[in-house]
Amino acid sequence: MTDDGRVAARRVDLTRVLVVEDSEEDAEAIERALTRTHPALRLEFTAHGDGLAERLLGCDEELPGMILLDLNMPGADGHKVLAALRARPELAGLTVVVFTSSTAPAEVDACYAAGADSYIYKPVNFDLFRTVLKGAVDYWQQAKGQPPAAPGSPRVK
Amino acid sequence: MVEPGTDVPARAGAPFDGWAAWLHRLWRVGTDAGDVTALASLVYEALLDDPGVTVVAGARWERGRSSYVRHRGRGDTEVTTLPGCDHTEGPCAPPPLDDGPTLLLIRPDDPEMLLPCPGGSALRDAGAAAVVRCVFELGDGDRAALWVGAGREPGAPWVARTGERLRQIADVLTVSNQRILESQEHERRQAMDAFLAEASLQLAGSLDVEETLRRVARMAVPAVAEGCMVHLADFRGTLSAVAVAHMASDAQVRLREVAEDDPWLAKELLRGAERRHGLVLTGEDLEGGPFGPGAPGPAVRAMSVSPLTARNRALGTLTFLYSRDSADADRPLLTDLAGRAALAIDTSTLYEQRRRHVEQLQRHLLPPGLPDCPGLALSAAYQVADDSLDVGGDFYDAVRVGDRLAVFIGDVCGRGAEAAAFTGLARHTLRTLLENGTSPAGALARLNGALIAQRASRFVTALVAVLTPRDDGTWRVRVANAGHPLPHVARAGGEVVAVPAQGMLLGVVRQAAYRSVSVTLGPGDALVLHTDGLAEARAADGSFFEDRLPEAVARCVDADGGGADGLIGEAARFRVSGDDDTAVVIVQVEGER
């Protein structure tokens, strides 16, 4: 707690990314893509979002810097998980990136209204998949004051 | 991560053999490294293998600015990497380069002992008494340098040998860098092809223009850029924002405001809309606008505006905001994407227009309502086969003439505007004739003549029934048929019989003659007219609705059977194939069933 009684946001570790994804195939593709583009990231995976906020708060260590959140999961779906994460001020430092195959405007609006930091379409093609994931990670690492993960890696022309 | 491996002989005293093995290893790693970071740690390890070396440093410049500085001293366990700086003078500026790698021996008191400012005096701090520096080109004007420091004043052979090693490393790094650039470019192109394919599917698959554009804008971030806006022009050419997407939710809120009413943006959009390949704004082009330096929100490095033009019509603009560098390389992609989007927008706008026209036409072809006729209850229903654009060819109407009622139903073969023209002709001709008291057979003969005179290229079927009340409460029904499916009479007792009225199709034979047959309807009896879409509805097992038509007819005229709607509904539930339009008209004599 801070002096004025507000709950302080926990510190985050920008080199850690938590992937909340029930599809094994998608989790594997995310791992393959990010290992290639950001070898220094530490990836963690969970297949369900039930009680995620409590699980995160239960650990003493720093929080992961980013959560990649699937929307369609059995049990607590992405919307519920998002709401639960945003209900906890201690988790305010988490960057929540919704990563889903839907492009429905209503879905996007709902996620942004519920406090998602990004809403990223999950493409079918792997090259594109890797490109958008890299774009999301680079964007947020830069926005949160971290140099790009692979400094000096060749510039894409 | 590449760990310096066990296959590297690290025997002191045999540096030459050791170096050959290191170099071999470097080439191998260099041919499949995904980025140069993996290679860097190996380079530093290799150079520090020489016991005379106390410190190794490296730096890189992209477009004249240092992008990072690395160093590792003998006592360090790993390479320290620092982000570059924006300074362009002194040690921060890229060092000069002659043809090929250039070497320089630097003494401790030389100002060149300093690295670009993030690295500062790391060389001196690590105890270097002299440094050999090698500067080399990485392609595309990017430059890199490596420094190797010796703890004490080195002899000429050491300087020569170290210089040679640095040149060899520069070769590996240059080639590897080139390969990485090419493979990243290849991957980028693959990804953009895939993006176009997925976006095109989205564009082709939907008819709601604005929703489709919102979806495509969403797919484009961050595949193409971090922000995307689509503006469409109204009939006066005024642009308004229909889709806004940004990587970051807070940035999207702001982008929407800018998209809707920022005067600077409005001006640039108009400028971009007028150019065939649009425009790309970078650096100072962006100054003074909502994305210029110092503006709130994420930094924008470039903005592209592509005109949406289809069939020579300016439809609007497609705008991207890049947090990364220049959008120029993506120009072909932007032109391609804008072209596809414009075509899709134009097509669905035309489609929407045409669909409205068809709906209006369809309303004209069917009667706005059915007349009231004492003693009779009328119901009619019409179902269009699918949501395709074409106007159906079915028609029906009912006309009251004194105490009599004339009803008719018909079908023009085919769909579309031409069929609609004949549908209109047939309905209005029959209606006018019947209003004038023409008999069913006479009305069909006159319509046949009219169609032949019009050189109708389509067949028309029609069936006319005129109901005349009798004093005993029954109705006499005269039915004449021109090639139309037989009507049914559903008796109050539940029996259903077809009325055997036969006749030639209309519009085929000039002299075709029509004769009417008569039936009597008692209280509760019903006459059921339908078009062939009803009988031809087909179930999954291949059976036709025709086989169960009598039972269905009996059911629908029951008190709670739903009348014409009920009958069509039953056929619709039955149907898996057979997608003709269906019309049903039912006239039922009041009375107990």
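Predicted model: local features only at pLDDT ≥ 70, side-chain atom pairs only at ≥ 80, totals over all residues.
**Exercise 1. The annotated aspartate**

Task: Find where D70(A) lies in chain A, and decide whether D70(A) counts as buried or exposed.

Solution: 
- Step 1. Start with the record: an unreviewed UniProt entry places the feature "modified residue: 4-aspartylphosphate" at D70(A).
- Step 2. Now place the residue in the fold. D70(A) sits in the loop that runs between strand 3 (63-69) and helix 3 (78-86) of chain A.
- Step 3. Look at the relative accessibility, which is 6% for D70(A). Buried means under 20%, so D70(A) counts as buried at 6%.
- Step 4. List the partners, leaving out residues up to four places away in sequence: D70(A) touches V20(A), E21(A), D22(A), G78(A), F99(A), T100(A) and K122(A).

**Exercise 2. The largest cavity**

Task: Describe the volume of the largest cavity, and work out which elements supply its lining.

Solution: 
- Step 1. Begin with the overall count: the structure holds eight cavities of 30 Å³ or more.
- Step 2. Take the largest cavity, whose volume is about 170 Å³.
- Step 3. Turn to its lining of 16 residues; nearest the centre lie Y68(B), R70(B), A144(B), L146(B) and L173(B).
- Step 4. Assign the lining to elements of chain B. At least two residues each come from helix 2 (36-48), strand 1 (53-62), strand 2 (65-73), strand 5 (130-139), strand 6 (142-150) and helix 4 (156-205). Helix 2 of chain B has the largest share, with four residues.
- Step 5. Sort the lining by class: twelve residues are nonpolar, two are polar and two are charged.

**Exercise 3. The second largest cavity**

Solution: 
- Step 1. The classes here are nine nonpolar, three polar and one charged.

**Exercise 4. Confidence in chain A**

Task: State the mean pLDDT of chain A, then find which stretch has pLDDT below 50.

Solution: 
- Step 1. Chain A has a mean pLDDT of 85, and 88% of its residues reach 70 or more.
- Step 2. Residues 146-157 of chain A have pLDDT below 50.
- Step 3. Check the contacts of that stretch: beyond near neighbours in sequence, residues 146-157 have 38 contacts in the model.

Conventions: Residues numbered from 1 in each chain as written. Chains lettered and ligands numbered in written order. Heavy atoms only, no water. UniProt positions renumbered as here; feature names shortened; annotations may be inferred. Buried < 20%, exposed > 50% of the residue type's maximum accessible area, 1.4 Å probe, protein only. Contact = heavy atoms within 4.5 Å. 1 Å grid on protein atoms, 1.4 Å probe; cavity = no way out; pocket = protein on both sides within 12 Å on 5 of 7 lines; lining within 4 Å. Points joined across faces, edges and corners; volume = space filled by probe spheres on them. Nonpolar A, V, L, I, M, F, W, Y, C, P; charged D, E, K, R; others polar. pLDDT = per-residue confidence, 0-100.
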